[in-house]
Every structure is written in structure tokens, then in C-alpha cells.
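Hi,

Here is the structure I promised to pass on. Have a look first, and my notes follow below.

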Amino acid sequence: PAVPLQALEDQYSPSRWSPRLDRDTIIDAHLAVTAAGTERARASARTSLHVPYGNGDGEKLDIYFPKDAAGTFPVLVYIHGGYWQSLSKDESGFAAPPLVSQGVMVVAVGYDIGPRGRCCLAEAAAARVAWHSVTLPFALRPGHMDTMVLQVRRSLAFLVKQYPGIRGIYLCGHSAGAHLAAMVLSTDWTEFQVVPDIKGVVLVSGVYDLEPILHTYVNDALNMSWEVAQRNSPMRHIPPAVPAACEVLVAVAQHDSPEFRRQSQEYSQALRAAGWSVSLMDLAGVDHFDIIEKLSEDSYILTQVGRRAVLRQ
């Protein structure tokens, strides 16, 4: 049944669903936690910050090196959320310490986000913007959904070429970042002249079908057409699993909205039906925000599961 518009807006407003904090304070708290965690990570690891992988303003990586980076090492690539229109790699290193200490390289990907609207990390008055009327081809428009997907794919190709010591790539994306990570699974790598060895993907509280987003405030700034939403919906582009395909972990929070929970369940089922090795983790006691914040903690179940997967090879 069709969800009424206001109900749909609520379903896609993650800050409305947390029992911990009210919607006006949870966003600020999330920013504070991830920024502080990233600061700690930068202080404790050898880093290479703002490494350009392309010419766009947002096309930069933050790299957190393991203590012994002389030989080969696995890499975890983290793709931030923010409804494709806020946050950045600069608050995205908080998950690095538990992994770097175990010999894993961690990379936070920057990409050109859309113009800031009334997104889940602002939820203020939406501003109509004219960026989409620029007469550049879509792939050159900063903040266009096609561009963001392409940038994440290009960042992986860059890493493989730049760091021959990488033995296996693991992707982790949160919210909008989970959407972008899922889009990587359907990449035709022939145009990139390299095929990243993606061994695992951790998708946390993501959106895998963009069609409902078209009918909410989130699209005020993104200005996606139906065609763009279809083209960039992982749910509609599930490739058949190849032999020894990577393992996919779809994680969702107890206190995510019913729509976010539905999307995670349906996407994991669709992957499984296509032959992928996929697990669905329904994490109790967390919401859309602390489900990812806790990755800075050694004892957190998702930290442990992720680290075991990365170190298993």
C-alpha cells in the first residue's frame, strides 16, 4: 500500500526514530562523536590526508596506515553517509583505530556531495537550488547522483593502482554511504582498466531503492529524476554472483525506521536470490546513528565481525 507523503517523510527522517535523543540534538551529537573519534584516529596512526584521486573538489581520500605497511595488507574503505548532501571524509576516520592496530589500512573516501538541503543532518528549511540547470554532462556535475557513484568507483580504481601492497578490499558504508557501496557491486570495471579485489562489503542502515526518496524532502536538493533514481538503485541492478564472490553483510538498527528496515531486508533477500553470500544483522539497542559510531569501540559486535572478516584471509 502507498505510504502517505507525511508518513513517508517521517520514515526517511532517521533522527525521528531514536529513543536516545530528540531529533534536534541527535544530529549534533552524531557529528561530535564522529569528529572526536576521527581526531583520535589521526593522532594515533600514520596518515596521508586529502590525497587526490581526481580533479573534483571532493575527490580526496584520507588514508590511515597500519603500523607495518611494508608488506601486503588488507584495506577497509569507508564511505560516509549524510543523505548525499552533508558530512565528509573529515569526520569519517573514527573506525580506524581497532583496524589499524591489526595491520589493516583504512581509507575514508570523499566525494562531491549535493547541495545541502533539509537532509537528515540538517532537517532545516529546504533550499531550492539551481545547480542542476548547469549545462555540463551529468558525470561532471558535482553532487549529481551519477557523479557520486562514479567517484566512489574511481576512488577504488585509484587505490588499486596507487598501492600495489593491497591484498583485498573491504567496503563499509553507512546510510547514503551504504547505498554508494552497494552500487560498487554492479560496476563494470572494464572502463577503469583495473578490477579491485573486493572481498567483503558491510552495508550499514542503507537505502537500496531510491524511488521512495523522490517523494520526500531529501530530493529537494538532490533533484533526482525517476530515471536517475532507477539507474542508481542497487536493488534494481543486482548482478549475478560470480564464483568466490565477496561476502556481503547488511546491518540494520533496531531503531531504524520501518522503511529503512524493510529496505535492508529486501535488498539482502534479493542478493541471496542472485547467489550472493549475504548475512543480515539486525542490531538490538542501537539507532541509525550509534550503529555506526560504535565502530570505534573494540568490543562492539559489528567491529568484531568486520575485523574477523578482514583478517580471515
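Start with the loop between β3 and α3, where L87 is found; helices (H or I, at least four residues) and strands (E, at least two) are DSSP runs numbered from the N terminus. Before going further, the housekeeping: this is a predicted model, with local features needing pLDDT of at least 70 and side-chain atom pairs counting only at pLDDT 80 or more, while totals for chains, interfaces and linings use all residues. Residues are numbered from 1 along each chain as its sequence is written, and side-chain values use heavy atoms, with hydrogens and water left out.

Back to that loop. L87 has a positive phi of about 65° although it is not a glycine. W84 is found in the loop between β3 (73-79) and α3 (96-100) too, and its phi is also positive, near 60°. For context, most residues other than glycine have a negative phi. W84 counts as buried because its relative accessibility is 0%, and L87 is buried at 18%. The cut-offs are under 20% relative accessible area for buried, over 50% for exposed and partly exposed in between (1.4 Å probe, protein chains only).

W84 turns up again in the largest nonpolar core, which has 62 residues. By nonpolar core I mean a set of buried Ala, Val, Leu, Ile, Met, Phe, Trp, Tyr and Cys residues joined through side-chain atoms within 4.5 Å. Along with W84, the members that touch the most others are L61, V77, M105, L203, M224 and V248. Helix α4 (residues 145-162) gives the most to this core, with eight residues. A second, separate core of 28 residues includes L76, Y78, L99 and C172.

Next, helix α8 (residues 258-273). At 1.5 Å a residue, its 16 residues should span 22 Å, and the end C-alpha atoms are 22 Å apart, which agrees; the expected span is 1.5 Å times one less than the number of residues. Which residues of α8 are buried? They are E259, F260, Q263, S264, Y267, S268 and L271. After α8 comes G275, whose phi is positive, near 95°.

On charges, I count 15 salt bridges, each a side-chain nitrogen of Lys or Arg within 4 Å of a carboxyl oxygen of Asp or Glu. R42, D62, K89 and D90 are linked in a network of them. R42 pairs with D62, the closest N and O atoms being 2.6 Å apart. Since R42 lies in helix α2 (residues 23-44) and D62 in strand β2 (residues 60-65), the pair ties together parts that are 20 residues apart in sequence. R42 is partly exposed at 26%, whereas D62 is buried at 0%. D90 bridges to K89, with closest N and O atoms 2.8 Å apart; D90 is partly exposed at 36% and K89 is buried at 6%.

Best wishes
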